[in-house]
Amino acid sequence: MRARGRRKTSYAADIAVIHSGRQWLTLAVFIGLLVVLPLVLNATHNLNWVTFLNFTLIIIIAVLGLNVTTGMTGQVSLGHSAFIMLGGYGLAMLTLKADWPFWAALAVSTLVTGLIALIVAIPAIRLKGFYVAVVTLAFFYIAQYVIRNLDITGGTFGLIGIPSPSIAGMSIKGDVRWYYLLLALTILCVLVSVNITRSRLGRSFLAVRDNDVATAALGVNVPLTKLRAFFVGSLFAALAGGLWASYVSVVRLDQFTIWDSIWYLGMIVIGGAGSTAGAIMGVIFLRLISQILHVIGTSDLIPLSSTVTIYSTQIIYGLVIILFITLKPMGMISIWQKFKINYKRWPFGV
Amino acid sequence: MIDSNEVTGANILKGEDIHLSFDGVKALDGLDFSVKAGRIVSVIGPNGAGKTCLINCITGYYRPQQGRITFNRQDILHQRPHQIARLGISRTFQDPTTYPSMTALDILMAGRYIHTRATILDAMLFFGRSRREELESRQIVEEIIQFTQIEELRKVPVAAMSFGQRKQVEIARALVMQPTLIILDEPMSGLDEVMKEIITDLILNMFDRGMTIVLIEHDAQVVMEISHSIIVLDNGRRLTEGTPREISLDKRVAEAYLGL
């Protein structure tokens, strides 16, 4: 009897993302389900769940970026919300004040945010650990201060009436159309993230995270690599920010808080730092829990006063996270990896 | 014992009058040394003699206050570690747990960094150059995996390896960089006799392939067996230098070790 799992016969097969016909099929079925999902929700008058899905997709794109900077490269960034904010404001200003077409505005605001991230990272890369966190935290408040005090950003009122994109003459309006656009972009971003992990760039990130001193002996320019990590990570963030701004058609300062930055870090930790699949799982898990608790808390399923239920759902939320981190410190991805190894070895010992 | 008269080459690495001190404590005190191309040169000396300091000076981790270090006649004293690695000097670290979360394959592929060119955009698209380089690197990495006999460790993270396996992976990591000069910092320390023999064979094979090897090692037997020449350090200075036979007969060496 031979253990299960597939033998790979070439190096090209070993680095492929999808290894077998059955995996292609599983992926096709999965994407098929995602495509049908809003139609089902629509038919059952659960449209607020489509809104939930859309925000989840936007946050997945953003967190994939944080997974590059913090998950892969180990540079703890508390400024991720600020990069999302800059992407959003960039898109808003270019479309509203300069009348740029949506896609050009999205591309330019994303790239400019990437360049700003490089400037932020310059003081951060010479430092380690908590100091990087403090520099990015300071950057968050500086960005917030600047936006609050400029006219062009609308100050505390923000900017409203941000246009929606259109593809081949079709305007992306309404939750369901937005869902399909966001789904397509999220799949692209996931592919980019996976590509980074299986390339020279991704391995230099991992090496810097594990041991930046020894990594210099590999011929890797460590400060430059940290800069790259901030640059790439902020591109995802800015893209997500631009989409967010256009989806809700407004940008305001209270959309992008420091708490969000912290929650994004939590999502990476819970999913499994450095792994693309882990980052996605972390986002979905935390968002699902908070959404379910929110639904329960605001329904009359529990015969208690609403303040009690709202506070108790927050306590449950916190407890679930603490339990998860204590029991599965390597994140959700470790559960999957363990399952995969056991499956491949079956029926031989575990 | 290898007869040192068989191999004669030009100096590939040369250091002159190197002074290194930390807050007034002298680590290297006017050290001179030279390494001839294609040889196995060992550096020995009691603890605190300055052996690892010397490696750190050569590989750019420490910057001596005074002196000169040349590699292939090129001044490397003012270069940074990653630049020196690109010139063809690779080193191992005494503590082999450098990348705990990475698998042997990840680490060895990362070791191909200086031989690949893919940009950020190439990496994101994984198309054309990025993909081609990955496949080329993998070919070389697989050769080194066979050469160092770590086939079964390919997809094992370092944290799950034994100490000896980590040492093997660390040497393999230095080898995939295809250096002209390799510096091994105590590759035998903490290993059992079997592992020592595997690593010794590996070093001799590296020598057969024309590599220049600088070996820092405490295991006197290994050093005497495989070195062409031995540099003895004491208190940051070169006490003496010679063939294994000359060193084993030198009274000063015994004194330095026994602290007489």
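Between chain B and chain A of this predicted model, the count of salt bridges is three. One salt bridge joins the side chains of Asp14(A) and Arg138(B), with 2.8 Å from N to O.

**The interface**

The contact between the chains involves 38 residues of chain B and 32 residues of chain A. Together, chain B and chain A bury about 3,200 Å² between them, and 60% of this area lies on carbon and sulfur atoms. On the chain B side, Tyr99(B), Tyr113(B) and Met124(B) lose the most area to chain A, together 22% of what that side buries.

In soluble globular proteins, nonpolar side chains tend to be buried together. The largest nonpolar core of this model has 130 residues, and Leu243(A), Ile203(B) and Met206(B) have the most contacts inside it. Helix α3 of chain A, residues 47–72, gives the most to this core, with 14 residues. A second, separate core has 29 residues, including Ala27(B), Leu31(B), Ala49(B) and Phe71(B).

| Core | Number of residues | Residues named |
|---|---|---|
| Largest nonpolar core | 130 residues | Leu243(A), Ile203(B) and Met206(B), those with the most contacts inside it |
| Second, separate core | 29 residues | including Ala27(B), Leu31(B), Ala49(B) and Phe71(B) |

When its neighbours within four places in sequence are left aside, Leu243(A) is in contact with Ile58(A), Ile61(A), Phe102(A), Leu106(A), Trp178(A), Leu182(A) and Leu185(A).

**The sheet of chain B**

Strands of a sheet pair through backbone hydrogen bonds, either parallel or antiparallel. In chain B, four strands form an open sheet in the order β2-β1-β4-β5, with antiparallel pairing. Its edge strands are β2 (25–36) and β5 of chain B, each of which pairs on one side only. The antiparallel pairing of β4(B) with β5(B) extends over two bridges, and Thr70(B) stands opposite Asp75(B) in β5(B). Helix α1 of chain B, residues 51–58, lies across β1 (11–22), β2 and β4 of that chain, and runs at about 65° to β2(B).

**Arg73(B)**

The loop between β4 (66–71) and β5 (74–75) of chain B holds Arg73(B). Is this residue, Arg73(B), buried or exposed? Arg73(B) counts as exposed because its relative accessible area is 77%, and the term applies over 50%. In sequence, Arg73(B) and Ile12(B) are 61 residues apart, whereas in space their C-alpha atoms are 7.4 Å apart.

Note on methods:
Residues are numbered from 1 along each chain as its sequence is written. Chains are lettered from A and ligands numbered from 1 in the order in which they are written. This is a predicted model: local features need pLDDT of at least 70, side-chain atom pairs count only at pLDDT 80 or more; totals for chains, interfaces and linings use all residues. Side-chain values use heavy atoms; hydrogens and water are left out. Buried means under 20% relative accessible area, exposed over 50%, partly exposed in between (1.4 Å probe, protein chains only). A nonpolar core is a set of buried Ala, Val, Leu, Ile, Met, Phe, Trp, Tyr and Cys residues joined through side-chain atoms within 4.5 Å. Contact means heavy atoms within 4.5 Å. Two strands pair if DSSP finds at least two bridges between them. Axes are lines fitted to C-alpha atoms, for helices over the stretch in contact, and angles run from 0 to 180 degrees between N-to-C directions. Buried area is the accessible area (1.4 Å probe) that two parts lose on being put together, summed over both. A salt bridge is a side-chain nitrogen of Lys or Arg within 4 Å of a carboxyl oxygen of Asp or Glu.
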